[in-house]
Amino acid sequence: MPYLNTVNEQNPSQAQHYQLSHDITIIGRSNKDADMVIAGDGISRKHAQIRKLGGEYLASDLGSHNGTFHNNRLIDGEIGLSEGDHLRLGQTILVFTAELSAPPDSGLAIGADDSEFQGTMFKADELAVTMIGSETTSPEHAKQDYLQFLAQLSKDVMAIPTEQELADTLTGMLLKWFQMESCAIVYAETQEDDYTMDTLSIAHSSTKYSRDIKISRTALRQALENRMAWITGNAMQELDGASIIARNIVSIMCAPLWHDDQIFGILYLDTTDPLRRLDVDHLRLLSAIANLAAIKIDQLRLFQEVLHKVEIEKELELAGEIQSSLLPGEEFFFQNLVCAGAHEACEEVGGDYYDYVPFSDEVLTVTIADVTGHGPSSAFLMVACKSTLTALIEAGMPFDDRMDRLNAYLVKHCQPTQFITFFHAEIDLGKESIRYCNAGHNAPILAPRTGDTLSLMPKGPPLGIMEMDYEIDSAEFLTGTKLVMYTDGITEASNPAGDLFEDQRLFDLVTLEKKRGADDLKSVILENVTVFSDGTQHLDDVTLSIVEST
C-alpha cells in the first residue's frame, strides 16, 4: 500500500506516515474537510488531493492559496506520482513511497504478546537508595566495589555536556562493569495506549548478534507506569520473543530512568552467560545508576531550555526592533493618496509586511507580503525582501524587471522550505491607473466609488520557489477608488466553533462599506474580525493595508 511520508530535516524522528488507502485522499489543515490533516504553514483547509486511478496515483491542487508543487514544479491539473517523488504543500514536504520501509534492527522492541511477566519486580525508588546500611546478600568487598563504581560514575557523568554522550558513556561503562552482552538506554513515548521506543544508545560485547532486542510489554508497562525495576534469571521461559531464544539470553534486568516523578525511559541489560546470574543487589545498583542518569538528563534539558530561551529572547528583541522601524506606520500620504495600515504579529515578531515607496512624483508603489512561518527567521527574510525591493525601486528599475530581479534574488537566498506570497503595485496618479502583480498572495480587493468591486487574483506562484516571468495586470484607479490589501491572518481568523472569516466575508464587507475613508474602513474590518473571533487566539500574523485616491 503506497504512503506519503513527511520530511523533517531538523528532526527526522518526527516524520509521519500516511497510508493512501482511499480512492481519493484530501490533504489540508481542516479536521472537517481533509482526510490527511497537516497543520503546517502555508497549507489551506483543502489544499490538494491524491486520486487512485487503476494502479496509478495522481496528485492535483484544490485551488490552494500557495499552490502544490511536484518535484519543485507547480502542479497544473493532475500529475502521476512515482517512487521517491516529493510534494511540497507550504512548508511541508511529502515523499511518495510504494511501501513503508521497516525500521532498522537497532534497538529495543516491545514484545508481541501481553502475557503476564513472571520475573521479579521492585519499586525503583525503594531500590535506588544508598548502599550503606542496606540489607544485601553480597559480600562486604562487593558492596564496597558497588559504592566505588557509583561514586566514580557520578563524577564522570556530571561533566558530560549532551544526552547522547551521556547515553554512550553509560552503556559502554555498564556493559563492561556488569560483564553483560548488551546494554541500552531507551526513551519511550506513549502513543495510542501503547509505547514507541527510541533507542538513544546501545552497546554490545560482540557483533555476532542482531541489535534487535525484545522485552515483555507487561514488564515495560510496569517499568514506565509504576516505576518498577525488574529482573529475570530465566528469560527464555518468562519472556516471549524470537531474538531472546535465538541469542540464548539467560538474564535481563531493567530500571526506569526516573527523577522527580518524571520517567524518561529505561536502562536495559542482558547476558547469555548462565554463570553470570543477576541478583537483587545488581538491580539495586542499576536503579541507583538509572536515577543518577535521569537527574543528569533533567539537568541537561533544563540547561538547554535556559540557553534556548535566552537566545530566543535576544533574537526576538532585535527582530522586533528591526521590524518596527521598517514598517511605514499606520498612516502614509502621497499626493492625493491616503494610506492606512495595521500589523499584529501572532508572536513577538512576524513574517508579514506592507510598504509604500514613491517611484516618481506621480507614481507610488504599494506592497504587501507574507513570509512562510513565524518568528525571527521569517522576520529576517522579510527584512531582506523589503530592503532588496526598496533598492530596486529607488534605482528606477521598471516594474517588469523589478519583479524578475526580486524573485531571482529570493530563489537564490531562500531556504528550501521558505517562500513569500507577494502583491506589488504601482499607482499612477497622472494616468489614474494601477499596474499590479500578484505572486501567490491573497487577492487584494479593488473597490471603485461606483461600479463593481474586484478581486485581483494571483497569476503565479509565491516568490522564492522558481525563476519565471510574472504576469503584470492593470486597472483604472479613479478618484474614490480604494485598494484593500491583506494577509491570510485576516481571512483565516477563526471563531470558537472553528469557522474561518474567509475571503468572501471580507469581500462582502468591503463592498458594503467602501464609501468610508481608508482609516475608517480599516477600523471596520479589524473590528469585524475581532467580533467574529470572539476571543479565539490568532494563529497567523494579521496585516491590513488600504490605499485610497481622494
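Aspartate 355 is buried, with a relative accessible area of 7% (buried means under 20%, exposed over 50%, partly exposed in between; 1.4 Å probe, protein chains only). The model is predicted: local features need pLDDT of at least 70, side-chain atom pairs count only at pLDDT 80 or more, and totals for chains, interfaces and linings use all residues. Residues are numbered from 1 along each chain as its sequence is written, and side-chain values use heavy atoms, leaving out hydrogens and water.

Lysine 386 forms a salt bridge with aspartate 355, the closest N and O atoms being 2.4 Å apart (a salt bridge is a side-chain nitrogen of Lys or Arg within 4 Å of a carboxyl oxygen of Asp or Glu). Lysine 386 lies in helix H8 (residues 376-394) and aspartate 355 in strand S22 (residues 352-358), so the pair ties together parts 31 residues apart in sequence (helices, H or I, at least four residues, and strands, E, at least two, are DSSP runs numbered from the N terminus). Lysine 386 counts as buried too, at 10% relative accessibility.

The structure holds 15 salt bridges. One of them joins the side chains of lysine 32 and aspartate 499 (3.9 Å, N to O). Lysine 32 is exposed, at 64%. Aspartate 499 is partly exposed, at 36%.

Glutamate 330 forms a salt bridge with lysine 522, with the closest N and O atoms 3.7 Å apart. Glutamate 330 lies in the loop between helix H7 (280-326) and S20 and lysine 522 in helix H12, so parts 192 residues apart in sequence are tied together. Glutamate 330 is exposed at 53%; lysine 522 is buried at 6%.
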